[in-house]
Amino acid sequence: MENILFFDADKELRDFAATHPIKGANFVFFDTGLNAVSLKALEPYRDTRIISGFIHSETLSTEKLDFFPNLQLIATRSTGFNHIDLDYCRQRGIAVENVPAYGAATVAEFAFGLLLALARKIIRAKNDMAHNRIENSNYMGFDLMGKTIGIIGTGSIGRHMIQIAQGFGMKVLAYDPFRNPVLKDLYVDDLDTIYRESDIISLHVPSTPENYHMINEAAFDKMKKGVIIINTARGDLIDTQALYFALRKGIVAGAGVDVLENEDFLLHDEVATSPRMSDNDFLLDSAMNLKLLQFRNVIATPHIAFNSIDAINRINATTIDNIQNFMAGKITNNVIK
Ligand code: NAI
């Protein structure tokens, strides 16, 4: 029997794996990510060929990967793979396989949920109601019908977001250097038009070196005063300090963010005692994130837009397929080109 190591293994994964065994495979589950597992705990599994993990904005430790001399496959249970050092994997001949599509509608629905919650102050009203301090004048929101939403990135998630927005009677402006012919009437020529004309801006682009801090102080200065920003894509698309000051100045009237730059400090306890705490940029972002949470008009969620049972089942099914195929000598959903 060959050991397959699953990191960040939750109940849904364990349940799914129990009902979807792979012939010749023995599934081993770890509660945390690989980075947090001690070498001592990994020792019995040194000859492992196949590991599977979940996404963290922290890069998968190459020191830990070095520990497995026979490693051949990292099956990430995510679409994104910027937490994996692809150059390192290429050099070692390790295949990296992902889950290319599992929840475009799932993420778009969540993004729209953030927007609705901000537009109608649902969370504030809910909290006030629970604490018996209702003040109706605090809950006046605005309609979405007739408002202009700027969608940046019209890939799988952006497209769903557009459909939902159109269902709400919103005017949609879209920007993407690669135009989808189906959406051709919606595109504007540049981001400045999105910034200038949108009441709401929602980000659906990947985190790449080019897109790093694409929403910065200069971008905020071009936006309509009172714009709502929705980010369910990646935290580092937005300069966190710039967002903070845009909220302070009232340029941004509300932000719904499922992702934050260097969000790991807020999301994972083990990070607080890791060497990352001596990285100044990491500390600065972590501190700014805490300040963002202090705004009433910021709704921050812990990177959960993908997290519906339907999407999780699709993720687990594709990952088990990827592993099964690999064991049968077939590479599927390879991200190393
Ligand atoms: P996709 O690859 O289908 O589409 C991305 C689109 O962005 C592409 O059409 C690309 O041409 C466009 N793009 C790239 N740079 C751009 C720029 N500077 N301006 C405008 N368009 C640009 O990606 P998908 O699946 O729609 O995912 C979008 C984002 O959502 C990704 O960042 C992904 O990591 C994130 N995501 C977040 C999840 C969460 O739980 N919060 C879950 C799944 C994905």
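At what angle do helix 5 and helix 7 pack, and how far apart are their axes? In this predicted model, helix 5, residues 104–119, packs against helix 7, residues 156–167, at an angle of about 50 degrees, and the axes are 8 Å apart. That angle makes helix 5 oblique to helix 7. The crossing of helix 5 past helix 7 is right-handed. On the side of helix 5, the contact is made by Ala104, Ala105, Val107, Ala108, Glu109, Ala111 and Phe112; helix 7 contributes Ser156, Ile157, His160, Met161, Ile164 and Ala165. By class, the residues of this contact are ten nonpolar, two polar and one charged.

The ligand is surrounded by 23 residues, and the closest are Ser156, Ile157, Asp176, Val205 and Asn211. A polar side-chain atom of Ser156 lies 2.9 Å from an oxygen atom of the ligand. For Asp176, a polar side-chain atom is 2.7 Å from a ligand oxygen atom. Asp258 has a side-chain N or O atom 3.0 Å from a nitrogen atom of the ligand.

Thr240, Gln241, Leu243, Tyr244 and Leu247 of helix 10 meet Leu284, Asp285, Met288, Asn289, Lys291 and Leu292 of helix 12. This contact comprises six nonpolar, three polar and two charged residues.

Thank you for your attention.

Definitions and conventions
Residues are numbered from 1 along each chain as its sequence is written. This is a predicted model: local features need pLDDT of at least 70, side-chain atom pairs count only at pLDDT 80 or more; totals for chains, interfaces and linings use all residues. Side-chain values use heavy atoms; hydrogens and water are left out. Axes are lines fitted to C-alpha atoms, for helices over the stretch in contact, and angles run from 0 to 180 degrees between N-to-C directions. Helices (H or I, at least four residues) and strands (E, at least two) are DSSP runs, numbered from the N terminus. Angles under 35 degrees count as roughly parallel, over 145 as roughly antiparallel, 65 to 115 as roughly perpendicular and the rest as oblique. A crossing is left-handed if the near helix is turned anticlockwise from the far one by less than a right angle, and right-handed if clockwise. Contact means heavy atoms within 4.5 Å. Ala, Val, Leu, Ile, Met, Phe, Trp, Tyr, Cys and Pro count as nonpolar, Asp, Glu, Lys and Arg as charged, and the others, Gly among them, as polar. A residue is near a molecule or strand if one of its heavy atoms lies within 4 Å of it. A polar contact is a pair of N or O atoms within 3.5 Å; within protein, one must be able to donate a hydrogen and the other to accept it, and residues adjacent in sequence count only if both atoms are side-chain atoms.
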